[in-house]
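Here's a quick briefing to read alongside the model. Have the sequence and the 3D view open as you go.

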Amino acid sequence: MRPLDPVTSKQRAVYGFAFFVLFVALWAWATFGGHVSKTFLANPLTMLQEGWELLTKHGFLFDIGMTIWRVVGGFVLAAIIAVPLGVLMGAYKPIEAFLEPFVSFARYLPASAFIPLLILWAGIGELQKLLVIFIGSVFQIILMIAVSVGSTRRDLVEAAYTLGASDRGIIGRVLLPSSAPDIAEILRLVLGWAWTYVIVAELIGSSSGIGHMITDSQALLNTGQIIFGIIVIGLIGLVSDFLFKAFNAWLFPWKLA
């Protein structure tokens with residue numbers, strides 16, 4: 001290995017799979033070997049058995065669907081608000097000067113801290129969960145997009161003005177095409193963060209969802225179900241991440257050129 005030397009797609013897949021094999025092997029060694037009590041950590045086979053029971057007897061597929069809906073709903077709401085604001089902040093410095101102090105302040109506020117207030121304002125229904133994800137995502141997206149748009153090469157902007165472009169044309173024909181691949185990548189990254197927010201939202205005052213199942217399993221000391229729920233979250237996130245990457249590569253092929 002040498003620094004920054006690339007690997008082929010096949011090598012990347014092999015290395016990634018090898019890590020998971022090593023992880024499961026260490027897990028099996030710790031649990032089957034009696035090094036960790038099954039009260040605190042279920043072994044892989046018990047986890048699979050508990051997971052199958054969740055899927056076939058306890059309607060866990062419905063919980064998965066509810067969690068996915070909450071993540072997508074809250075994330076889309078955040079993107080609808082954040083993308084235009086981020087573009088405006090990056091394009092116009094007075095707007096950036098007006099909004100950046102508050103956005104920078106708000107993005108450090110943990111979304112979980114708003115849960116008691118959101119329960120008072122919106123109850124314990126779906127709106128409360130969506131708002132937790134919205135608050136956790138929107139300020140991150142705004143600031144990251146503003147930075148991306150604001151770092152557009154100045155010579156491209158000057159060339160467009162020389163060719164007679166208007167201010168609106170600069171945004172539509174220079175700033176957005178230049179930063180669009182980065183905006184798509186920002187949305188992919190923040191979608192991963194949204195999964196952490198939804199589980200926190202479901203841990204409190206929820207009657208469905210993966211987080212609700214994890215809370216119930218904790219009360220029963222069922223670590224197999226807890227681990228299965230965590231793994232399901234990781235698998236869904238991994239699949240969504242690969243799909244987002246593939247879509248971005250298809251939408252912006254020049255980025256990989």
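Helix H3 (residues 60-91) packs against helix H8 (residues 167-203) at an angle of about 145°, and their axes are 8 Å apart. Axes here are lines fitted to C-alpha atoms, for helices over the stretch in contact, with angles running from 0 to 180 degrees between N-to-C directions. Helices are DSSP runs (H or I, at least four residues), numbered from the N terminus. This is a predicted model: local features need pLDDT of at least 70, side-chain atom pairs count only at pLDDT 80 or more, and totals for chains, interfaces and linings use all residues. Residues are numbered from 1 along each chain as its sequence is written, and side-chain values use heavy atoms, with hydrogens and water left out.

**The H3–H8 contact**
- On the H3 side, the contact (heavy atoms within 4.5 Å) includes Thr67, Arg70 and Phe75, while H8 brings in residues including Leu187, Trp195 and Glu202.

**The shape of H8**
- H8 bends by about 50° at Ala180, with a proline, Pro181, following within four residues.
- That bend is the angle between axes fitted to the seven residues ending there and the seven starting there.
- H8 spans only 47 Å between its end C-alpha atoms, whereas a straight helix of 37 residues would span 54 Å at 1.5 Å a residue.

**Overall layout**
- The protein has ten helices and zero strands.
- Along its principal axes, the C-alpha trace spans about 70 × 55 × 30 Å.

**In helix H1**
- Phe23 and Trp27 sit four residues apart in helix H1 (residues 9-32), so about one helical turn separates them.

Terms used
Helix = DSSP H or I, 4+ residues; strand = E, 2+ residues; numbered from the N terminus. Expected span 1.5 Å × (residues − 1).
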